[in-house]
Amino acid sequence: MKMRKFKLSVALLLFTGLSGLQAQEKIPQVEELLEKMTLEEKIGQLNLLTPGGGIATGSVVSEDVEAKIKAGNVGGVFGVSSPERVRQAQELAVKNSRLGIPLLIGSDIIHGYKTTYPIPLGLSSSWDLELIKEGAEMAAKEATADGINWNFSPMVDIARDPRWGRIAEGAGEDPYLGSQIAKAMVEGYQGEDMSLPHTMMATVKHMALYGAPEAGRDYNTVDMSRLKMFNEYLPPYKAAVDAGVGSVMTSFNDIDGIPATGNKWLLTDLLRERWGFDGFVVSDYTSVNEMIAHGLGDLQAVSALAINAGLDMDMVGEGFLTTLKKSVEEGLVSEEQITKAARRILEAKHKIGLLDDPYLYSDESRPEKDILTEENRQLARKAATRSFVLLKKHNNTLPLFKNAKIALVGPLANNKNNMLGTWAPTGNPQLSVPILEGLKNVAPNANITYAKGANISNDTSFAKKVNVFGQRIQIAEESPEALLKEALDLAKSSDVVVAVVGEATEMSGEAASRTDITIPDSQKKLINELVKTGKPVVLVLMSGRPLDISEEMALPVSILQIWHPGVEAGNAVGDVLFGNYNPSGKLTNSWPRSVGQIPIHYRMKTTGRPGPESGDFQKFKTNYLDSPNSPLLPFGYGLSYTTFEYSDVKANAEKLGTDGSIELSATVTNTGDFDGEEVVQLYIRDVVRSVTPPGKELKGFQKIALKKGESKTVTFTITPEDLKFYNYNIEFVNEPGEYEFFIGGSSDNKMAGSFELTQ
Ligand code: NOJ
């Protein structure tokens, strides 16, 4: 991070006295402010409020925000936007509080600001780091145009449990891919210099392990070994820290019996001392107060626990504001601890340029120029097409002819309310392109007729729970039978049926866990009846999580997974269904055959009694009586309108020395009838390790474009550093010996070769 406008003289090089590996240069402007601040003013900087008025992102909103800002009792706010409103908020602080310190203006910009692009789980399926970075840059440009300088993203929680609704917000199950994406997003949001007006500070969340709640129920307990944490769940947070993320948000769950928000091992020993993080740590929404319900004491006790653990900013709960002074007086918290936290908040304000110009993000000419531009919408459309995953091909139904007679059916086929997906509070669903409109845009000569065919769900009490932010599930006045009949009549008189089915937006996301992850019955019935017409059927499947589609995979249908694609949904679906873009997405989670297999992921260990390769049942082996071990669809899986063949998978040497590197390569040929793109994946297995190794680990990937008939050789360069893991003593090491490697188009490819890491 470049320091703007400051030339540090040697005399001003003080140190913060961090006990860890890194000592950080102090910022003179910040130190001068701290000198002047009272204890109350320092505590005020640690207070983050939300005045409400926008879409609620938690269960309470703050009161008397204006008065608290004027009194110097607020360090930042979120849920406030537009240059005018942000200017007004800054003026409250700058012109009225004693020291005139400007506010951090936060927001949840999870997948685009007003130009909503696909949900993160969808975007991760593109395996396209440049595109992901570009998306984050676009989001930063739009959000900062609207006054926001601090983003509560990326969410990098590894998730292997599709019951958990927030799986939609992350990048899936794999630590390597998750780390690459975390880095790309931080770089995209923050740019080279956070103090430029079109970049914003990022927040990596939710530290830590939030994606592994017991039973897939949101906010539930997490209990995990250190080995698993370090090797599988912590890497993406660390990658964000290594990429220079400005802030870290704690998670709601406990870790080893202490909630993350009050966990000193996590926030100080690991994050600051081991990883050298020098930004600030914010709690999640009222997560300080929630430690009372976790059973750790009253508000004063849990607030003291949190600040002493290393938490710097308290989101919404006001436990810091109302109890820390008393705790200092009673000796429970040192003033130095509070000064340290206030310093970190002020340093963040310095980094984003606010101390030099409180109105840096209040340029009223920008929204018009920078938000929802045609260019941004084009990027959202491109991102959506790249996020789609072709799950099943049947009888070459796809791509569709542009002059076909198409029956477009399903509750999500002509529906604006469900295109944006979860966590898009800054987007406007009414600006999204429904599938019907998009198909007509892309193929104006096609004859497309539409019928709803079914409700997303017929269950009114379920619909009520899902409809918290608006009519996501609209139960039609017509009977389910009448809806179905209308769709079947259209189907019978068409060349092909496209059924857009799946989950409504709020069927995934925060506090939206499901125990049944199949397509709701109302829609299953529609699908089965459509198949019975004998017409070719394409299922366009929308969801915020991996679904159990065992029954649908067994039907004679084609299936295109489109997640929740964002504001350009319909156009993107048109691009792919009509073959303007050949789908190239690959799953970033293993899709289970049933909830009984959860948690399921490709890195699972072999166990001492590996299940039979054939998948047949064998007594006294690790397997099920009623299901194969393998997932329905493996991590890394995704088809194309064309086909790719792998050959000549090899290593350029038999041995890899300590300081050397080895090249692992494969030739990939496009053997089908369309140009296309393929995500070439490298997996490595450490055959013998001092702690039991995973079955295989993703160690590299490249997305390549191949014209039909074309071949390319893809090479991965692997060094000993790439073979490191955390051993029993949580040291990051590699161990000499044999390594097997696999190169292919999904995680279930077969062994290809081996090499030896020498001492
Ligand atoms: C709670 C969510 O867990 C978190 O992801 C979000 O950033 C905050 N609310 C603020 O909206």
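Two strands are taken to pair if DSSP finds at least two bridges between them. In this predicted model, strand β2 (residues 76-78) and β3 meet that condition, pairing in the parallel sense over three bridges, and Val-77 stands opposite Ile-105 in β3. Together with helix α4 (residues 83-96), β2 and β3 make a right-handed β-α-β unit. Strand β3 also pairs in the parallel sense with strand β4 (residues 150-151), over two bridges, where Ser-107 stands opposite Asn-151 in β4. Both faces of β3 (residues 104-107) are covered, with Leu-104 and Gly-106 buried on one side and Ile-105 and Ser-107 buried on the other.

| Site | Angle | Value |
|---|---|---|
| Lys-205 to His-206 | omega, cis peptide bond | near -10 degrees |
| Met-207 to Ala-208 | omega, cis peptide bond | near 10 degrees |
| Glu-318 | phi, positive | near 60 degrees |
| Asn-396 | phi, positive | about 50 degrees |

His-206 is found in strand β5 (residues 203-207), whereas Ala-208 has its place in the loop between β5 and α8 (226-233). Glu-318 is found in the loop between β10 (314-315) and α13 (319-329) and counts as buried because its relative accessible area is 13%. Asn-396, in the loop between β11 (389-392) and β12 (405-409), is exposed, because its relative accessible area is 74%.

On the surface, Ile-258, Leu-296 and Leu-305 form a nonpolar patch with about 200 Å² of accessible area together. Leu-296 lies in the loop between α11 (290-294) and α12 (299-309), and counts as partly exposed because its relative accessibility is 34%.

How values were computed:
Residues numbered from 1 in each chain as written. Predicted model: local features only at pLDDT ≥ 70, side-chain atom pairs only at ≥ 80, totals over all residues. Heavy atoms only, no water. Patch = residues over 30% accessible without salt bridge, like charges linked within 9 Å, V, L, I, M, F, W, Y side chains within 5 Å. Areas by Shrake-Rupley, 256 points an atom, 1.4 Å probe, with all protein chains shown as cover. Salt bridge = Lys/Arg side-chain N within 4 Å of Asp/Glu carboxyl O. Helix = DSSP H or I, 4+ residues; strand = E, 2+ residues; numbered from the N terminus. Buried < 20%, exposed > 50% of the residue type's maximum accessible area, 1.4 Å probe, protein only. Right-handed = clockwise from strand over helix to strand, strands pointing away.
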